[in-house]
Amino acid sequence: MLPWPARRPDLSAIEHVWDIIGRKLQRHPQPALTVSVLTDQVQQAWNSIPQNDIQHLYDTMHARLHAFIQNSGGYTGY
């Protein structure tokens, strides 16, 4: 188990996925006016993320951890 620093979304792949989803929702032609519509839009955004993007997040985890260690927990650029 790795000790995980608080408030470090750059080290969490799921935070990057939520960022992708958020950007897709911002570009959606119609804003969600109900929870049901928002749920559908989030599901569509989630399903539309290319598997290559998910694989890239997985593949770059080592580099993100290395940058975190090299910068003594400071800004990593990710």
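User: In what order do the elements of the chain run from the N terminus on?
Analyst: This is a predicted model. From the N terminus, the order is α-α-α-α, with four helices and zero strands in the chain.

User: What makes V17, I20, I21, A45, I49 and L57 a nonpolar core?
Analyst: A nonpolar core requires buried residues of types such as Ala, Val, Leu and Ile, joined through side-chain atoms within 4.5 Å. Buried means under 20% relative accessible area. These six residues form the largest such core, and helix α1 (residues 13-26) gives the most to it, three residues.

User: How much of the chain counts as buried?
Analyst: Of its 78 residues, 21%.

User: How do you know which residues I21 touches?
Analyst: Contact means heavy atoms within 4.5 Å. Leaving out residues up to four places away in sequence, I21 touches V42, A45, W46 and I49.

User: How are α1 and helix α2 (residues 35-47) placed relative to each other?
Analyst: Two packed helices are described by the angle and the distance between their axes. Here the axes come within 9 Å and cross at roughly 115°. The contact is made by I14, V17, W18, I21, K24 and L25 of α1 together with L38, Q41, V42, A45 and W46 of α2.

User: What is the make-up of the contact of α1 with α2, by residue class?
Analyst: It has nine nonpolar residues, one polar and one charged. Lys counts as charged, so K24 of α1 is the charged one.

Methods:
Residues numbered from 1 in each chain as written. Predicted model: local features only at pLDDT ≥ 70, side-chain atom pairs only at ≥ 80, totals over all residues. Heavy atoms only, no water. Buried < 20%, exposed > 50% of the residue type's maximum accessible area, 1.4 Å probe, protein only. Helix = DSSP H or I, 4+ residues; strand = E, 2+ residues; numbered from the N terminus. Axes fitted to C-alpha atoms, helices over the stretch in contact; angles between N-to-C directions.
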